[in-house]
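User: I would like to go through this model by its fold and its charged contacts. Please show it first.

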Amino acid sequence: MGRYYSGDIEGKFMFAVQGSNAPERFGAEECEPNYLDYYVPPDSVDEVRKEVQSIETKHDDQIKRIDKMFDENMGYNDETMEKYGVTKEGLSEYADLRLGRQILEYLEENPDFGCSIQAEL
């Protein structure tokens, strides 16, 4: 089993004698990753459902306010949030709820597969 490099050039690092940082020797600079990879296993559907329900229950009032805010406005800012009584915590929970619902829907529609997600940094 070896480690490969790819991009504009492709190859395989020599096993046990060449480090993955070998390109630095030739002026390469390490780059931060642009994505984080996540995987939600198919047997996590109950856990995902429970978390979605928890957010819905705990933040029911904020969810209703945010839904109304978005129904009546194309976007939001601090003034709009204040007008509708929306908090930053509520908006953050709402965003997570949307993601959780998407994951749950995928897992329910694809019970034999997990849900893979690449998140941009």
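Analyst: Helices (H or I, at least four residues) and strands (E, at least two) are DSSP runs, numbered from the N terminus. This is a predicted model: local features need pLDDT of at least 70, side-chain atom pairs count only at pLDDT 80 or more, and totals for chains, interfaces and linings use all residues. Residues are numbered from 1 along each chain as its sequence is written, and side-chain values use heavy atoms, with hydrogens and water left out.

User: Which pattern does the protein chain follow along the sequence?

Analyst: The protein chain has four helices and four strands. Read along the sequence, their order is β-β-β-α-α-α-α-β.

User: Which residue forms a salt bridge with Glu 56?

Analyst: A salt bridge puts a side-chain nitrogen of Lys or Arg within 4 Å of a carboxyl oxygen of Asp or Glu. For Glu 56, the closest N and O atoms of the pair are 2.9 Å apart. Glu 56 lies in helix H1 and its partner in helix H4 (residues 88-109), so the pair ties together parts that are 45 residues apart in sequence. The partner is Arg 101.

User: Is Asp 46 buried or exposed?

Analyst: Buried means under 20% relative accessible area, exposed over 50%, partly exposed in between (1.4 Å probe, protein chains only). Asp 46 forms a salt bridge with Arg 49, and both lie in helix H1, three residues apart. Arg 49 is partly exposed at 27%. Asp 46 has a relative accessible area of 54%, so Asp 46 is exposed.
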